[in-house]
Amino acid sequence: METTPLRYAVIGLGNISPYHLRDIAVQPGITVVGFADAADPQTWKIAPEHAAVPRYQDVEKMLRETKPDLVSICTPNKFHHAYTLLALKHGAHVTCEKPMAMTVAEAEGMEAARAAAGKHGGINFSYRNVASFRFARELLAAGELGRLMRVNVTYLQSFLGAPATLYSWRNDASLAGFGALGDLGVHMIDGVYFLTGLDYRRVVGLAQTLVTEKLDAAGVSRPVNTDTNAAFLAELTGGVVATFETTQVAPGYGNFFRIEISGEKGTLAVLSDQPEAIWLRSGASLTKYATWKTDLPLQQLPTDFLGRGAPPTPGAIVHAIRGAKVDFPTFADGLRAQRVLGALLDSMKSGAWQTLG
Ligand SMILES: NC(=O)c1ccc[n+]([C@@H]2O[C@H](COP(=O)([O-])OP(=O)(O)OC[C@H]3O[C@@H](n4cnc5c(N)ncnc54)[C@H](O)[C@@H]3O)[C@@H](O)[C@H]2O)c1
């Protein structure tokens, strides 16, 4: 593939930014030209190899002076929309963190601006890169489970319940838009679409805030006004029923993201902690064994599949910019998930099912 030189910049130098740099800056022909973050540059998370990259606290000035071809947006959710529009205006392709935006209208505006600018837009749905998720997707597309019957998804974390976890933008609805629902739920929503290709027809949900205050860095107690727990039900294409639960306050769970899918010929499950294995009972094994068996055996992924490697996420956009046909989560995927989030918020307010598209 042609390695056109590309100038690359990052906006928001917090926890997720090193992953963007790890996947993008290491690719051939990439020059990291600028960093921008509203906070004191001394507090930014910069690896030693990027210590000399020019640092700005003014995002617009950074874009104007460094003229990047590609920008990663790694700020709190509230700023994804404005910085995407600004980066596009300055002629850059954009890869943005999830959830894409605070509202459906914002996400629609981002996709419209991207299309008008003729640029690529990526959303970092990072689980699309996990080998077991990609393998499960291939099995399902090949019809290994037959017609799909049911989906169950859990995404459980505990971090917010820990006293050592301080108040942050994630606990402020005006900056985050959502709590567990937008932070973890959006991975569940995209994950089911990625694995099955089934879209969301209608949804209904409930959310709760079970940890209602946190201490900030100064030791002051601050109210948490985002959801710490959410549960929802979806009807997918073809009438398939999917159930979802997510929380940031389940003691004992670090990062437990599991998707289970049954079809008429078998059941499979993938788990974030086991990226090279899949729980699967299907096809031939169902005729070989009695179907009353309730255990789902863990199988290691075939080494030839693992050997094929994966497009780096979020770095796959670099290949797209250079003209390769690559499968990566786009703004259209971000918008699809945002519409489901928006419908869930409406449902949580009204108590009623919300129909999509
Ligand atoms: N894909 C994933 O799995 C994944 C994982 C973690 C975080 N995220 C997403 O990444 C984004 C950032 O999360 P994080 O954990 O890195 O947060 P963080 O708090 O560690 O970092 C955010 C950074 O943005 C900066 N910032 C805040 N307001 C700004 C502004 N107005 N202009 C410029 N910079 C500003 C902060 O100073 C901070 O350095 C969020 O959208 C989050 O949902 C995604």
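Helices (H or I, at least four residues) and strands (E, at least two) are DSSP runs, numbered from the N terminus. Residues are numbered from 1 along each chain as its sequence is written. The model is predicted, so local features need pLDDT of at least 70 and side-chain atom pairs count only at pLDDT 80 or more, while totals for chains, interfaces and linings use all residues.

**Exercise 1. Lys67 and its backbone**

Task: Find where Lys67 lies, and state whether Lys67 is buried, exposed or partly exposed.

Solution. Start with the place: Lys67 belongs to the loop between H2 and strand E4 (70-73). Next, look at the backbone: Lys67 is not a glycine, yet its phi is positive, about 50°. For background, most residues other than glycine have a negative phi. Now the surroundings. A residue is buried if 20 or more other C-beta atoms lie within 10 Å of its own, exposed if 12 or fewer, and partly exposed in between, with C-beta atoms placed from the backbone. Lys67 counts as partly exposed because it has 14 C-beta neighbours inside 10 Å.

**Exercise 2. The two faces of helix H2**

Solution. First, pick out the buried residues of H2: Val59, Met62, Leu63 and Thr66. They lie on the same side of H2, because they cover an arc of only 95° around the axis (the arc of the directions from the helix axis to the C-beta atoms). Last, ask what the buried residues pack against: strand E1 (6-11), strand E2 (30-36), strand E3 (55-56) and helix H3 (80-89).

**Exercise 3. Walking through the sheet**

Task: Give the order of the nine strands in the open sheet, and say how E7 runs relative to E13 and to E12.

Solution. Two strands pair if DSSP finds at least two bridges between them. The order is E16-E15-E14-E13-E7-E12-E11-E8-E17, with mixed pairing. Strand E16 (298-300) and strand E17 (354-355) are the edges, each pairing on one side only. Strand E7 (residues 148-156) and strand E13 (residues 256-263) run antiparallel, joined by eight bridges. In E13, Gly263 is the bridge partner of Leu148, and Phe256 stands opposite Leu156. E7 and strand E12 (residues 241-247) run parallel, with seven bridges between them; Asn152 stands opposite Thr243 in E12.

**Exercise 4. Ala337 and its contacts**

Task: Is Ala337 buried or exposed, and which residues is Ala337 in contact with, leaving aside its neighbours within four places in sequence?

Solution. Begin with the element: Ala337 lies in helix H11. Ala337 is buried, because 26 other C-beta atoms lie within 10 Å. Two residues are in contact if their C-beta atoms, placed from the backbone, lie within 7 Å. With those neighbours set aside, the contacts of Ala337 are Pro99, Val186, Ile189 and Asp190. Finally, the C-alpha atoms of Ala337 and Val104 are 9.3 Å apart, although 233 residues separate them along the chain.
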